[in-house]
Amino acid sequence: MKLSKKKFAAMIDQTLLRPDVTEAEVEVFCKQASELHFASVCINPLFVPLAHSILASSKVKVCTVVDFPLGAGGLTAKSYGATASIAVGADEVDIMIDLSLVKAHKWRQLRTQLNHIIKSVRKSSEHRIDAESREPAIAKLILETSALSDEEIVESCKCAKRVGFDFVKTSTGFGSGGATVHAVRLMRQTVGTDMGVKASGGIRSIKDALALIEAGASRIGTSSGEKLLESFVESEYPD
């Protein structure tokens, strides 16, 4: 594996999604992410404006979650949640899939819903704060793979790819299981090389993170980014 410490850091979505997080914690969290050059900070929607103000001059993106963690809010909740967050500074939105549609194998209905959502994301990117100096918002679809069969993972990925999502993501971190090599490999095989795959949920060791990257993950969502970076041995993974 050829991977430098710098490139590894740039694959990490450093995550802080506890319900009891304080503003002071978010400030420290964002400043640390900037110093360590992570891909993004993934925070609750409440703190998007604060994170945007801290990271506006940084390459670190502001990521937030939508209809999270259950995904049971329906189309209106997902579309509004995404567009509202983008309007106040979110660069990336991780949107929870409607598991009821997936488990019922209502793929056409799921595609229709996701198509509406991605159109809302694209349109809102044009009117976001600092739109002229920021890239279009990135949309990731969270699958909660531990609750799905292989067939359901594959079909969900196909739906996301067909309508134009930028990433598919394994887990919320609040479900019964997190990222697995099997799920990531299956997702990568389904979406191909032009779409992102984010592994998240329970990633706390460098061994696990690197195994998921080897399986096809292009982003790692974790609350242990600093620990993983400290454990990375540059000589073992030369650039």
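Hi everyone, let's start with a meeting of helices: Asp150, Ile153, Val154, Cys157, Lys158 and Lys161 of H7 touch His182, Ala183, Leu186, Met187, Thr190 and Val191 of H8. Contact here means heavy atoms within 4.5 Å. Helices are DSSP runs of H or I with at least four residues, strands are runs of E with at least two, and both are numbered from the N terminus. This contact divides into seven nonpolar, two polar and three charged residues. Nonpolar covers Ala, Val, Leu, Ile, Met, Phe, Trp, Tyr, Cys and Pro, charged covers Asp, Glu, Lys and Arg, and the others, Gly among them, are polar.

Before going on, please remember that this is a predicted model, where local features need pLDDT of at least 70 and side-chain atom pairs count only at pLDDT 80 or more, while totals for chains, interfaces and linings use all residues. Residues are numbered from 1 along each chain as its sequence is written, and side-chain values use heavy atoms, with hydrogens and water left out.

How do the axes of H7 and H8 cross? The axes of helix H7 (residues 150-163) and helix H8 (residues 181-191) come within 9 Å, at roughly 40°. That makes H7 oblique to H8; under 35 degrees counts as roughly parallel, over 145 as roughly antiparallel, 65 to 115 as roughly perpendicular, and the rest as oblique. Axes are lines fitted to C-alpha atoms, for helices over the stretch in contact, with angles from 0 to 180 degrees between N-to-C directions.

H8 has another partner: its axis and that of helix H9 (residues 206-215) come within 8 Å and cross at roughly 25°. So H8 is roughly parallel to H9. From H8, Val181, Val184, Arg185 and Arg188 take part, and from H9, Ala211, Leu212 and Ala215. Five of the residues in this contact are nonpolar, none polar and two charged.

Of its 19 lining residues, Thr15, Thr172, Gly173, Thr222 and Ser223 are the closest to its centre. A pocket is an open set of points on a 1 Å grid over the protein atoms alone, with protein on both sides within 12 Å along at least five of seven lines, and lining residues have an atom within 4 Å of a point. Volume is the space filled by probe spheres set on the points, of 1.4 Å. The lining has five nonpolar, ten polar and four charged residues.

Finally, the second largest pocket holds about 220 Å³, and its lining includes Lys6, His37 and Phe38.
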